[in-house]
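Hi everyone, thanks for coming. Please have a look at the model on the screen, and I'll walk you through a few spots in it.

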Amino acid sequence: MRGSFLRLDQITGSARKTLNYDDPKVPDIVNNIYAALVIGPLVICYWRGTWNLMDRLLFPHDEELRMITLLVAGIGGHLLFMLLQTSLQRWLDVDERPVSFYLLSRVYTYIYGAMCVGTWRGGWILIDRYAPQSLVFFIEASIVGLLLLGSVQSFCNVAGAPFVNDSPDGYFDVPTYFKSKCGEEDHDQVSEVSGYTERSSMRGSIAGIEDGITGIPFKPSYHGLMLELIDYLYASLVVAPLVVCYWRGTWNLMGEYIYPSHMTTSLIVSLAIGIIGHIVFNIFQSTLRQYLNADKHRIAYYIGSRMYTTIYGAVCVNCWRGGWQLIDLYTTHDVLYVVLITLGCLFILACLKGVRNVMGTPFLIINDSRREYFDVPTYFKLTGSKDPGLYVLDCMFSVLVIGSLVVFVWRGLWVLLDLKLFPEDHGTSAWASIIIGYGVTGVTFSLQPLMRWTCDRLTGFWRVVVADMFLFFSFIGTINVWRGIWQALDTYFLPNEPLLSNWITHGAALLLLILLNCSNSVLVRGVYIDAEEPAGQCVVFPVYYIRLFFQKERKKKQRRLFDALERADLNSTGGVLQDKKHPHHQPHPHPQQQQQQQQQKEPQHHITADQNHQVIRNLEAVPLTIIDDPKSNGDHSSQAPRM
């Protein structure tokens with residue numbers, strides 16, 4: 001098997017065989033000296049020459065255009081060769097076409113090598129051009145990069161093995177992170193549960209939603225559509241402004257009370273609070289569920305859960321504030337730089353199937369449900385009970401990698417709006433963002449039926465692509481709503497008393513959200529995977545609030561009617577039994593008259609009992625709920641209907 005350029009197993013001292021497997025092994029010391037003193041310098045010579053030729057021949061007087069060309073050609077070429085590796089192995093089979101393999105494989109290596117050099121050179125120019133030329137910045141960037149690589153178990157990729165043999169076996173292999181091959185089919189584990197199927201690896205939306213399961217579809221009616229519209233308006237006009245108010249007040253208060261005289265220290269402390277807090281709440285979520293159980297200690301649960309939301313909300317805001325403003329402090333606001341970084345982070349999120357994690361209110365409402373109040377899903381969905389070490393790494397990856405990418409994407413689009421949308425007039429800019437945001441929000445909600453119909457008919461890669469495009473379109477509405485409300489508060493709400501303004505928006509918004517039973521909407525926690533719900537549920541937003549109220553009332557009403565019918569049935573049966581049990585209290589009628597009375601009683605009893613049973617059966621046939629599972633990503637239930 002051909003080794004990878006970045007694998008370390010080639011320099012660990014393992015002896016290599018010659019082409020004839022019967023020959024003796026080459027000694028380790030000879031192998032290592034040959035790799036270090038012969039192959040290594042030759043590779044460096046090739047890279048150095050190609051690097052300098054690109055500088056001299058490719059737009060020598062326009063460094064920015066050269067950078068863009070190299071990055072596009074390098075990244076695009078990498079992706080192309082990764083996708084074509086299976087086809088190349090099939091077309092250039094060394095056993096069938098030995099001459100073609102030898103010639104074209106060397107051409108492949110030369111082109112791929114040039115693309116590798118071009119990618120590195122383009123990225124190098126990008127860093128030199130836009131990053132601050134500060135020793136502290138480069139040290140911090142190196143440490144952060146190493147920590148991120150270590151968290152995803154890819155630390156060894158910083159070392160390039162100096163010796164890779166041109167073996168025909170696996171010549172075109174390009175190892176990827178998840179070791180998946182293009183052309184292999186994904187076999188989803190499907191289980192039959194109460195008449196419907198469930199995918200084994202589904203995950204809900206960003207709101208902490210449970211797995212959506214294909215069940216009995218919800219048939220819309222005018223009443224249902226009206227409730228759905230009210231939910232959308234409630235999420236857009238009530239929950240979203242309150243969440244933005246809380247974040248704006250908390251963000252500014254952190255700046256007032258955490259080392260206000262030293263910005264760098266303040267941001268580092270905020271980032272440390274955010275990262276450590278996220279990891280702690282991720283790791284101890286099962287412990288919190290165990291000790292704050294609403295069924296055992298209702299008062300302790302209510303007080304502890306609201307304290308949890310208050311503390312975790314501050315942790316989320318600190319994490320975003322520290323990362324966001326450190327980027328502002330050490331990077332430039334050049335439009336091209338911001339666009340490239342934002343697109344790059346968005347592309348990485350798409351490759352990790354994590355685009356849905358950029359979502360926020362008004363496209364979700366997280367109700368304070370007792371069942372999932374403390375749940376924080378991680379990227380790989382590991383559990384601490386089976387493998388604590390891997391679970392900690394999973395939590396670190398979810399927080400450090402996915403969370404950082406989401407912050408970069410949010411910050412990039414926000415900065416672009418600051419630069420291009422009435423930058424000289426904050427008031428007009430705020431109103432423009434509000435109009436754009438709510439306009440996009442309305443269009444997005446209106447497009448849900450069409451997008452769901454489309455995703456119902458797509459599978460695999462294209463369903464993920466369509467869902468991600470729709471989610472990104474909704475993200476444009478989300479960030480405009482947030483920016484517009486935030487900037488309007490800064491401009492119009494007690495501008496001369498910022499401390500009081502921040503405390504009011506922080507405290508009043510959190511209190512109202514707690515009273516409305518959706519305080520967890522302020523939390524940014526957990527990692528969710530794109531398009532893992534069945535069919536078109538992946539593009540349905542989890543906005544359920546008013547419908548849940550009607551659902552609970554309907555359940556109560558049907559439960560009372562059901563109990564009344566059961567009591568009536570028991571009473572009618574009990575009356576017949578009582579008559580049969582105490583016949584001596586009544587005078588003995590004539591036998592013929594007694595037979596007639598008995599024949600009259602029995603039909604009446606059977607008619608009453610049959611009517612009661614028929615009503616009960618009718619109730620069982622009618623779905624009890626508008627949404628059987630309010631935490632699902634669509635209108636399908638994740639549990640079998642039950643009475």
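Let's start with Ala535, which sits in the loop between H13 and H14. Helices here are DSSP runs of H or I with at least four residues, numbered from the N terminus. Before going on, a word on the source: this is a predicted model, where local features need pLDDT of at least 70 and side-chain atom pairs count only at pLDDT 80 or more, while totals for chains, interfaces and linings use all residues. Residues are numbered from 1 along each chain as its sequence is written, and side-chain values use heavy atoms, with hydrogens and water left out.

Back to Ala535: its phi is near 55 degrees, a positive value in a residue other than glycine. Ala531 lies in the loop between helix H13 (498-515) and helix H14 (546-581), and it has a positive phi of about 55 degrees too, although it is not a glycine. Are these two buried or exposed? Ala531, at 6% relative accessibility, counts as buried, and Ala535, at 34%, counts as partly exposed. Buried means under 20% relative accessible area, exposed over 50%, and partly exposed in between, using a 1.4 Å probe and protein chains only.

Now for the rings. How many aromatic pairs does the structure hold? There are 36. Rings of Phe, Tyr and Trp (its six-membered ring) pair if their centres lie within 6.5 Å; planes under 30 degrees apart count as stacked, over 60 as edge-to-face and the rest as tilted. Take Phe281 and Tyr308: their ring centres are 5.2 Å apart and their planes are at 85 degrees, so this pair is edge-to-face. Phe281 is in helix H6 (residues 263-283) and Tyr308 in helix H8 (residues 298-330), 27 residues apart. Phe281 also pairs with Tyr312, and that pair is stacked, with 4.4 Å centre to centre and 20 degrees between the planes. Both Phe281 and Tyr312 are buried.

Last, two helices. Helix H10 (residues 388-420) packs against helix H12 (residues 460-492) at an angle of about 60 degrees, with the axes 10 Å apart. The axes are lines fitted to C-alpha atoms over the stretch in contact, and angles run from 0 to 180 degrees between N-to-C directions. Residues in this contact (heavy atoms within 4.5 Å) include Trp410 of H10 and Trp482 of H12. Trp410 and Trp482 also belong to one aromatic cluster, together with Trp247, Trp320, Phe472 and Phe475.
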